[in-house]
Amino acid sequence: MEKIAIGFLGCGNIGCGVYKLLESYGAQIEANEGVAFDVRKILVRSLGKKRAYDVDERLLTDKPEDVLDDPDIAIVMEFMGGNEPASSYMIRALEHGKTVVTANKMALASRWDEIVAAAREHQSGLYYEASVCGAVPIIRAINDSLQANRITSVMGIINGTTNYILTRMSSEGAAYADVLADAQRLGLAEPDPTADVEGYDAAYKLSILSTLAFHKHVPVTSVYREGITNVTPLDVQCGKEFGLTLKLLAVAKEEDGVVQARVHPTFVPNAHPLASVNNAFNAVYVQGHACGEMMFYGRGAGDMPTASALVSDLIKAAKTKRHTMPAVAAGDCVMAEDWHCVHFIRMQAKDQPGVLSYVCGKFAEHGVSIASMVQKGEGEQSGSVQLIFLTHTASEKAVRTALGEMDSAMVIQGSVIRVEGKQ
Ligand SMILES: NC(=O)c1ccc[n+]([C@@H]2O[C@H](COP(=O)([O-])OP(=O)(O)OC[C@H]3O[C@@H](n4cnc5c(N)ncnc54)[C@H](OP(=O)(O)O)[C@@H]3O)[C@@H](O)[C@H]2O)c1
């Protein structure tokens, strides 16, 4: 059987995983699917570097043109990471009529318009299942299996590092910094964890998911983003007392043509399917008007789970005679200026008569209705108490305004954490 010539951009964790999967399972793929691949060139930065897998050194090059301008190479697999030069290389490959298979959420989310335009204009294939949630086939589900639905919401645990940290904070009552240090020791968090813990990684992925779900571009710059660095064991514990589990959730909803897309620490009821997604696992919970609710769950990172998505895309690309582009209309989504949800609010208040009615009065002034409240004995400063409120569904702006107007001599605000999935 004639083999399809492919080139790699990058050969780090993921590139080595793809190489290994093609080497170990390529013959079975050929038998099952009737397609075979020949890795012709692999672009890397350092030719002499020791690699995680025994890659044929004769394939390595540090010249991008060896991959991008070789007319024999039909499919370029990109796993260099970062925005540049990865975006420019992908665009160049697409302009040369090559198919691109990528795992790069940052490049795709940041340069969506240009990358998709290059694919559309040159009728080249563009495949990116691995860019969101590793092995979990959420892109293909939205693009190929749920087209009969108007998707109304997508909520996901789409960053394994933060889910690992929050799972341990929840099960052990441990502090954020201690668990982060452990995660770094175990290789589950980068030495510079900013992209994960500040929610950037999840925001890139949510931009891609919501663009596909709502058929209009949701720029990553329109995604509200808040990381987990300020989460305290006290918040986690207080949430538990209300029957809630804390997750870093990526939430996108569409109503009457207006979209909200946000990444932030979020409480979900313990009975919600997302509450039991633990450690480094990922899950995406989708609601469609015809399909109802469904959840996609699995490994969102790692060399082999990510290679699973990349090689599946490679097979699909190879078997596709006419590539199709995502069903995304021109222009950007109209983004919501406010959103409504239940809010968990913890504050430290002076332990004196009238404080509770003062706080409740301020909430009432702004139409924020309280569903339940717990008062806990002495706080960190003597003479104060912890007040923990769970609101009814309330406007984010109204909650912020009410809190902003409260007298700091009476209350010190601790945390505001949104709650999703609560009826
Ligand atoms: N790691 C995961 O679990 C995971 C999961 C899903 C998606 N992804 C995505 O997959 C991509 C790759 O991740 P990774 O973990 O494999 O990264 P990595 O280990 O850092 O590998 C990057 C590779 O790209 C090469 N490279 C980087 N910049 C280059 C340049 N300017 N010119 C030539 N070669 C260059 C590096 O060459 P050298 O080896 O010579 O340094 C290396 O081989 C990223 O987009 C990431 O977001 C990763």
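Two strands are taken to pair if DSSP finds at least two bridges between them. In this predicted model, strand β2 (residues 37-43) meets that condition with β3, to which two bridges join it. The protein holds 14 helices and 20 strands. Its radius of gyration is 24 Å, close to the 22 Å that the globule rule gives for 423 residues, so the protein is as compact as a globular protein of that length.

**The parallel sheet**
- An open sheet is built from six strands with parallel pairing, ordered β3-β2-β1-β4-β5-β6.
- Its edges are formed by β3 (60-61) and β6 (126-127), each of which pairs on one side only.
- Strands β2 and β3 run parallel, and Leu 43 stands opposite Thr 61 in β3.
- Helix α1 (residues 13-33) lies across β1 (4-9), β2 and β4 (75-78).
- The angle between helix α1 and β2 is about 160°.

**Glu 255**
- Strand β10 (residues 244-255) contains Glu 255.
- Glu 255 counts as exposed because 12 other C-beta atoms lie within 10 Å, and the cut-off for an exposed residue is 12 or fewer.
- Between the C-alpha atoms of Glu 255 and Ala 119 the separation is 30 Å, the two residues being 136 apart along the chain.

**Overall dimensions and packing**
- Along the principal axes, the C-alpha atoms of the protein fill a box of roughly 80 × 45 × 35 Å.
- Of the 423 residues, 45% count as buried.
- Among contacts between residues at least 6 apart in sequence, 75% join residues at least 24 apart.

Notes:
Residues are numbered from 1 along each chain as its sequence is written. This is a predicted model: local features need pLDDT of at least 70, side-chain atom pairs count only at pLDDT 80 or more; totals for chains, interfaces and linings use all residues. Helices (H or I, at least four residues) and strands (E, at least two) are DSSP runs, numbered from the N terminus. Two residues are in contact if their C-beta atoms, placed from the backbone, lie within 7 Å. Axes are lines fitted to C-alpha atoms, for helices over the stretch in contact, and angles run from 0 to 180 degrees between N-to-C directions. A residue is buried if 20 or more other C-beta atoms lie within 10 Å of its own, exposed if 12 or fewer, and partly exposed in between; C-beta atoms are placed from the backbone. The radius of gyration is taken over C-alpha atoms; the globule rule is 2.2 Å times the number of residues to the power 0.38.
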